[in-house]
Amino acid sequence: MRVESTKLEGCFIIHDTVFGDQRGYFFESFNKKTFLQQTGIDVNFVQDNQSRSQKGVLRGLHFQHGEFAQSKLVRVLEGKVLDIAVDLRKKSPTYSQHIAVELSGESRTQFYVPRGFAHGFVVLSETATFFYKCDNYYNKASEGGIIYNDPELGIDWGLPQEQLLLSEKDTVLPTLKMIANELNF
Ligand SMILES: Cc1cn([C@H]2C[C@H](O)[C@@H](COP(=O)(O)OP(=O)(O)O[C@H]3O[C@@H](C)C(=O)[C@@H](O)[C@H]3O)O2)c(=O)[nH]c1=O
């Protein structure tokens with residue numbers, strides 16, 4: 001496992017060590033001890049999620065407030081996505097900045113998004129199966145979100161607007177400025 005730091009403190013890109021042979025391949029997709037050694041984070045994942053989406057589907061930008069804040073280790077099993085994390089930690093020097101990471105079934109790259117970030121992704125391939133581990137349980141009442149096209153965030157999602165497909169809920173999310181006072185990360 002090789003861990004790459006990013007411009008946003010606490011966000012890591014993870015390249016796994018893959019063993020290939022005539023049967024196919026093998027790799028450890030998560031190892032708590034190695035993860036701690038390489039990142040310094042003693043994470044305790046309690047929930048795994050999987051979703052499948054067609055091209056142009058944009059899920060996000062999502063987070064959970066307060067005691068239900070979640071860190072996520074995300075990856076793509078099949079297909080290709082552009083994954084986005086936005087820093088919502090008020091005291092962070094990179095507050096409101098984001099990072100974009102391409103994840104695919106082929107590269108098997110993983111992305112660790114710590115608590116205090118909004119997260120979202122858009123599907124670039126015909127379909128994509130997205131898988132992620134979370135260190136806190138889903139809690140509907142704690143759900144928060146930021147609109148994907150917040151002009152102050154200026155995220156380039158890599159696809160033309162007319163190709164994007166969002167849930168109804170995700171089309172009416174507020175801008176970061178509108179909810180900045182409620183954030184307590
Ligand atoms: C996220 C989640 C949703 N659900 C339910 C609620 C709802 O009925 C259905 C679909 O939920 P959503 O529309 O919120 O799913 P989705 O838009 O895929 O939400 C996810 O988006 C990505 C970007 C994230 O970062 C995740 O944390 C999560 O917020 O699944 C759960 O039961 N458990 C969960 O952990």
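The structure is a predicted model, in which local features need pLDDT of at least 70 and side-chain atom pairs count only at pLDDT 80 or more, while totals for chains, interfaces and linings use all residues. Residues are numbered from 1 along each chain as its sequence is written.

The chain contains three helices and 13 strands (DSSP runs, H or I of at least four residues for helices and E of at least two for strands, numbered from the N terminus). The C-alpha trace spans about 55 × 35 × 30 Å along its principal axes. The radius of gyration of the chain is 16 Å, which agrees with the value near 16 Å for a compact globule of 185 residues; this quantity is taken over C-alpha atoms, and the globule rule is 2.2 Å times the number of residues to the power 0.38. Of the 185 residues, 28% count as buried (20 or more other C-beta atoms within 10 Å of the residue's own; exposed means 12 or fewer, and partly exposed lies in between, with C-beta atoms placed from the backbone).

UniProt, in an unreviewed entry, places the feature "active site" at His-62 and Tyr-132; the positions follow the numbering used here, feature names are shortened, and annotations may be inferred rather than shown by experiment. The two positions are spread over 71 residues of sequence but cluster in space, with a largest C-alpha distance of 13.6 Å.

His-62 lies in strand S6 and is partly exposed, because 18 other C-beta atoms are within 10 Å. Beyond its neighbours within four places in sequence, His-62 is in contact with Ala-118, His-119, Gly-120, Glu-143 and Gly-145 (contact means C-beta atoms, placed from the backbone, within 7 Å). Tyr-132, in strand S12 (residues 127-134), has 22 C-beta neighbours inside 10 Å and therefore counts as buried. Tyr-132 touches Asn-49, Lys-72, Leu-73 and Val-74, residues up to four places away in sequence not being counted.

His-65 is found in the loop between S6 and strand S7 (72-78). The C-alpha atoms of His-65 and Glu-143 are separated by 6.4 Å, although these residues are 78 apart along the chain.

Note on methods
Two residues are in contact if their C-beta atoms, placed from the backbone, lie within 7 Å.
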